[in-house]
Amino acid sequence: MTETAKATPRRRHAQANRRRILEAARESLSVDPDTTIDDIARAAGVARRTLYGHFASREELLDALADDAVETVRQTFVELRVPGESPDLALARFTLAVWGIGDRYRMLIALGRRGLEGGIHGVLTPVRDLATELLAEGQRDGVFADHLPAEVLAHAHESMVISLLESVNNGTWEGSASAATTAILLATGRTPAEAAAVLRQVRTETGDATDD
């Protein structure tokens with residue numbers, strides 16, 4: 001067996017360990033932002049030295065988690081974008097999807113409170129840039145209100161989603177994906193009737209009649 005062939009299983013094993021560590025860290029930190037490296041290693045089922053073989057410090061692990069979370073949200077935005085689709089439909093579709101992967105947002109919120117470099121708004125810049133483009137398109141088409149610049153509106157939407165997730169986390173609001181999406185659409189200047197119609201259309205297209 002060649003050295004390359006021997007190395008392949010080792011690489012796969014290392015990649016599996018890395019994924020397992022990141023998943024365990026994400027779940028643990030979502031529950032307790034003060035979770036220790038030892039706790040994360042135990043949750044992942046690996047030795048502490050194995051964890052440090054992938055991440056030299058807790059800070060490096062947190063940075064990797066933040067990058068993974070942001071990339072997941074960014075990729076969701078890109079994959080859901082339908083060429084030629086009305087901006088309000090695109091925004092509704094994205095908000096519903098973000099609510100579905102809210103566990104990653106909750107983890108980012110927890111890390112942001114513990115001094116994540118740049119804060120949560122800093123690490124979400126790639127996602128906010130995409131949202132800004134969508135909002136600017138909607139304003140040009142007259143679909144969204146233009147009382148605020150698109151960049152400011154995107155930042156406001158981001159803050160709203162984070163606040164809504166926090167409200168669910170702390171038990172002050174029993175929110176749903178539909179309610180959160182409606183709130184975002186209203187913030188763009190859509191009327192309640194228009195927001196309801198957009199939401200119905202997206203739900204019909206995706207075959208999803210739930211309100212989770």
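Helix H4 passes helix H8 in a left-handed crossing, where left-handed means that the near helix is turned anticlockwise from the far one by less than a right angle, and right-handed means clockwise. The contact draws on Val70, Val73, Arg74, Phe77 and Val78 from H4, and on Pro126, Val127, Leu130, Ala131 and Leu134 from H8; contact here means heavy atoms within 4.5 Å. By class, these residues comprise nine nonpolar, no polar and one charged. Ala, Val, Leu, Ile, Met, Phe, Trp, Tyr, Cys and Pro count as nonpolar, Asp, Glu, Lys and Arg as charged, and the others, Gly among them, as polar. H8 covers residues 125–140, and its axis lies 9 Å from that of H4, at an angle of about 25°. The two helices are therefore roughly parallel, a label for angles under 35 degrees, while over 145 is roughly antiparallel, 65 to 115 roughly perpendicular and the rest oblique. Axes are lines fitted to C-alpha atoms, for helices over the stretch in contact, with angles from 0 to 180 degrees between N-to-C directions.

This is a predicted model, in which local features need pLDDT of at least 70, side-chain atom pairs count only at pLDDT 80 or more, and totals for chains, interfaces and linings use all residues. Residues are numbered from 1 along each chain as its sequence is written, and side-chain values use heavy atoms, leaving out hydrogens and water.

Stepping back to the whole chain, there are 11 helices and zero strands; helices (H or I, at least four residues) and strands (E, at least two) are DSSP runs, numbered from the N terminus. Of the 212 residues, 42% are buried, meaning under 20% relative accessible area, with exposed over 50% and partly exposed in between (1.4 Å probe, protein chains only). Among contacts between residues at least 6 apart in sequence, 66% join residues at least 24 apart.

The axes of H5 (residues 87–100) and H11 (residues 192–206) come within 9 Å and cross at roughly 65°, so H5 and H11 are roughly perpendicular to each other. The crossing of H5 past H11 is right-handed. On the H5 side, Asp88, Leu89, Ala92, Arg93 and Leu96 take part, meeting Val198, Leu199, Gln201, Val202, Arg203, Glu205 and Thr206 of H11. This contact has six nonpolar, two polar and four charged residues.

Glu85 sits in the loop between H4 (58–80) and H5. Its relative accessibility is 9%, so Glu85 counts as buried. The Glu85 side chain makes a polar contact with the side chain of Arg93, at 2.3 Å; such a contact is a pair of N or O atoms within 3.5 Å, where, within protein, one must be able to donate a hydrogen and the other to accept it, and residues adjacent in sequence count only if both atoms are side-chain atoms. Leaving aside residues up to four places away in sequence, Glu85 touches Leu80, Ala90, Arg93, Glu137 and Glu205.

Phe94, in helix H5, is buried at 10% relative accessibility. Beyond four places in sequence, Phe94 touches Val73, Phe77, Leu80 and Val127. Ala180 belongs to helix H10 (residues 177–187) and is buried, with a relative accessible area of 2%. Ala180 and Thr95 are 85 residues apart in sequence, yet 7.6 Å apart in space, C-alpha to C-alpha.
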